[in-house]
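This report takes one chain from its overall layout down to single side chains. Please keep the sequence and the model in view while reading.

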Amino acid sequence: MEALILSMGTGGGHNAAAQAVKEELERRGHETEFINPYTLESSFLARFVDNAYIRTVTSTPKLFGLVYKIGDAVSKLPCRSPIYFANRKPAKALKKHLEENHYDTIITTHLFAGEMLTALKDNGIDLPKTIFIATDYACIPFEREIKADAFIAPRQGFRFRICPKGIVTTHYLRIWNSYKCEILRKGN
């Protein structure tokens, strides 16, 4: 299997989970490529998004909390989110990368990459199997609009919020020692 793993440096958890999945897949003999999808548009954009998030969370946590609450309210509206629309242009660069490379599956540990994949699906682009790995311990705003073939929860017993899209997890991800992981069926 050839897997594309998409993540971003907006905090350490997304990349740590992606790196763990990469190492486990490679240990099992699969080929992987791990990228920040914004780098396909520009390295500047990738650094800007990562740093803007980190600066906002550390320098103005109340502002981040307010934006998060607004995002949560907006995510309940019956329309696409601003995050979806903001990721449509970078999705075009991802589409080009997918046309130039072969993958059997695409795994993402970040909402923004999930939105890119959703935009591609909405535009009728045929994608390999897509897997969204939730790295937050709650359903975050706009997560429910992601169209993935599978959703993997960060721990057993995790439940995505009840939402119109009906996200159902059949697996959960167990990570230990920073970079080792195991994807288990619920009930194991």
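Predicted model: local features only at pLDDT ≥ 70, side-chain atom pairs only at ≥ 80, totals over all residues.

Which elements do the buried residues of α6 pack against? They pack against β1 (2-6), α2, α4 (82-86), α5 (88-100), β3 (105-108) and β4.

**Helix α6**

Of the 12 residues of α6, 10 are buried, so the helix is largely enclosed by the rest of the structure. Among the buried residues are Leu-111, Phe-112, Met-116, Leu-117 and Leu-120. Glu-115 is also buried. From first C-alpha to last, α6 reaches 16 Å, close to the 16 Å expected at 1.5 Å a residue. Gly-124 follows the helix, and its phi is positive, near 80°.

Leu-127 sits in the loop between α6 (111-122) and β4 (129-133). Leu-127 is at 15% relative accessibility and therefore counts as buried, the cut-off being under 20%. Leaving aside residues up to four places away in sequence, Leu-127 touches Leu-98, Ile-106, Leu-117, Leu-120 and Lys-121. Thr-105 is 22 residues from Leu-127 in sequence, yet the two C-alpha atoms are 8.3 Å apart.

**The chain as a whole**

The chain has six helices and seven strands. From the N terminus, the order is β-α-β-α-α-α-α-β-α-β-β-β-β. Of its 188 residues, 45% count as buried. Among contacts between residues at least 6 apart in sequence, 59% join residues at least 24 apart. Ala-52 belongs to helix α2 (residues 43-59). Ala-52 is partly exposed, with a relative accessible area of 23%.

**Surface**

A nonpolar surface patch is formed by Leu-63, Leu-66, Val-67 and Ile-70, with about 360 Å² of accessible area together. Val-67 lies in helix α3 (residues 61-74). At 49% relative accessibility, Val-67 counts as partly exposed.

**Salt bridges**

The count comes to 11 salt bridges.

| Pair | N to O distance |
|---|---|
| Glu-24 and Arg-28 | 2.8 Å |
| Lys-76 and Asp-72 | 3.3 Å |
| Lys-96 and Glu-100 | 3.1 Å |

Glu-24 is buried, at 13% relative accessibility. In the second pair, Lys-76 is exposed, with a relative accessible area of 55%, whereas Asp-72 is buried at 16%. Why are Lys-96 and Glu-100 separated by about one helical turn? Because they are four residues apart in helix α5. Glu-100 counts as exposed, at 52% relative accessibility. A network of salt bridges links Arg-80, Asp-122, Glu-145 and Lys-147.

**Confidence**

The mean pLDDT of the chain is 82, and 80% of its residues reach 70 or more. Over residues 161-166 the pLDDT is below 50, and this stretch has six contacts in the model beyond near neighbours in sequence. The pLDDT is also below 50 over residues 175-188, where the model shows 41 contacts beyond near neighbours in sequence.

Note on methods
Residues numbered from 1 in each chain as written. Heavy atoms only, no water. Helix = DSSP H or I, 4+ residues; strand = E, 2+ residues; numbered from the N terminus. Buried < 20%, exposed > 50% of the residue type's maximum accessible area, 1.4 Å probe, protein only. Contact = heavy atoms within 4.5 Å. pLDDT = per-residue confidence, 0-100. Patch = residues over 30% accessible without salt bridge, like charges linked within 9 Å, V, L, I, M, F, W, Y side chains within 5 Å. Areas by Shrake-Rupley, 256 points an atom, 1.4 Å probe, with all protein chains shown as cover. Salt bridge = Lys/Arg side-chain N within 4 Å of Asp/Glu carboxyl O. Expected span 1.5 Å × (residues − 1).
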